[in-house]
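Me: Please pick one part of this model and look at it closely. Then carry on to other places worth checking.

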Amino acid sequence: MKDKLRTLIGLEVKENEPLKNHTTFKIGGPAKFFVEVQSKDELFKSLKAARELNLKYLILGGGSNVLVSDDGFDGLVIKLNNNEIEIKGSQVTVFAGNNLKNTINQAMKENLGGLEFAANIPGTVGGAVRGNAGAYGKGVGDYVEQVEVIVLGEKEVSLKVLTKDDCEFDYRESLFKKNENWIISEVVLVLESKSQEDIQKEQESIDADWKKRCGSQPYDTPSAGCTFKNIIYTDELLKYKDWETHGKVPAGRFIEEADLKGKKIGGAMVSEKHSNFIVNFDNATADDVVQLISFVKTRVRDEFGVQLQEEVQYIGF
Ligand SMILES: Cc1cc2nc3c(=O)[nH]c(=O)nc-3n(C[C@H](O)[C@H](O)[C@H](O)COP(=O)(O)OP(=O)(O)OC[C@H]3O[C@@H](n4cnc5c(N)ncnc54)[C@H](O)[C@@H]3O)c2cc1C
């Protein structure tokens, strides 16, 4: 099978590659097959090969929003990775595997900004578009003009171009989360004309705010960022009105008030600094994290009547 994949894709294919080496959580069992692709063409060939050989496939960007099971993934993992970028006027075109921070920095050199709020979000542009990653009430989707996707049909693999409106962006949501067979291959962003100094100043103020609120722990200790989605504010949450920011009630606030900061199961812990982060402080297994997530959800539901929903994506369970 490995040789067939190598022939069809034209790239080195690894077998039993530990996925903990490719996730920011540093958790995850082996990928049966693993290939790293740097272009749309390589991505297309890899997906087509998986279809032809009847293999399950998984797209991995920066691995910063996933919890991969201890059993790993029994199929082909396709990791996207590249940093080429094309800038024309205010339009920035990138392969989905481009690192988000690098894209923001490259655009800044051409005096294009707007995405400063996302400069501390790890991962790729494709991952950020799929989850409409964001902060401070803004989302990456706000700056998307067009998305090219590879659609895996029953029999054939084809290309489709979507406009921003087609993408159905919402809080940490998009069309791509509902269509697992639509793989983002290229993204066109439209950014704002801004001086490098202004962009840098804004990034510095965001860095300072983050440090004030979280200290360094969530960045120094492996995690997958926020474990739970914040809760969209509705009248039913009236008694938590004081906690609301940007139209949401922070999930971390419930976790903190339930006295769960520092709660540990195995090697997993609710961060002492940012209660919506679960950190891998000591060789945690995926099982430790799943149990801790379940513990937190139950406690918050019992104490506040609020059902937390995972932001982190489960893989291989
Ligand atoms: C320290 C830290 C801080 C964080 N802060 C934030 C924050 O402030 N705001 C925020 O929103 N998030 C935050 N995150 C979470 C994470 O960085 C984002 O969700 C990020 O956008 C995920 O991108 P990725 O490339 O790493 O995706 P991955 O984790 O690799 O993948 C996530 C999901 O998307 C799928 N996927 C990836 N690429 C594609 C593609 N091209 N086409 C189709 N599906 C794809 C994967 O299969 C998987 O299901 C943080 C994470 C960490 C570790």
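Reply: **A loop residue and its contacts**

Beyond its neighbours within four places in sequence, Glu 310 is in contact with Thr 227, Phe 228, Lys 229, Ile 293 and Lys 297 (contact: heavy atoms within 4.5 Å). The model is predicted, so local features need pLDDT of at least 70 and side-chain atom pairs pLDDT 80 or more, while totals for chains, interfaces and linings use all residues. Numbering runs from 1 along each chain as its sequence is written, and side-chain values use heavy atoms, without hydrogens and water.

Glu 310 sits in the loop between helix 9 (286–304) and strand 21 (313–315). Helices (H or I, at least four residues) and strands (E, at least two) are DSSP runs, numbered from the N terminus. Lys 297 is 13 residues from Glu 310 in sequence; their C-alpha atoms are 9.4 Å apart.

Next, a pocket. Helix 2, strand 6 (85–88) and strand 7 (91–95) each supply at least two lining residues. Strand 7 gives the most, with three.

Helix 2 (residues 40–52) also meets helix 1 (residues 2–9): their axes come within 9 Å and cross at roughly 140°. That makes the pair oblique. Helix 1 contributes Leu 5, Leu 8 and Ile 9 to the contact; helix 2 contributes Glu 42, Lys 45, Ser 46, Ala 49 and Glu 52.

How values were computed: Axes are lines fitted to C-alpha atoms, for helices over the stretch in contact, and angles run from 0 to 180 degrees between N-to-C directions. Angles under 35 degrees count as roughly parallel, over 145 as roughly antiparallel, 65 to 115 as roughly perpendicular and the rest as oblique.
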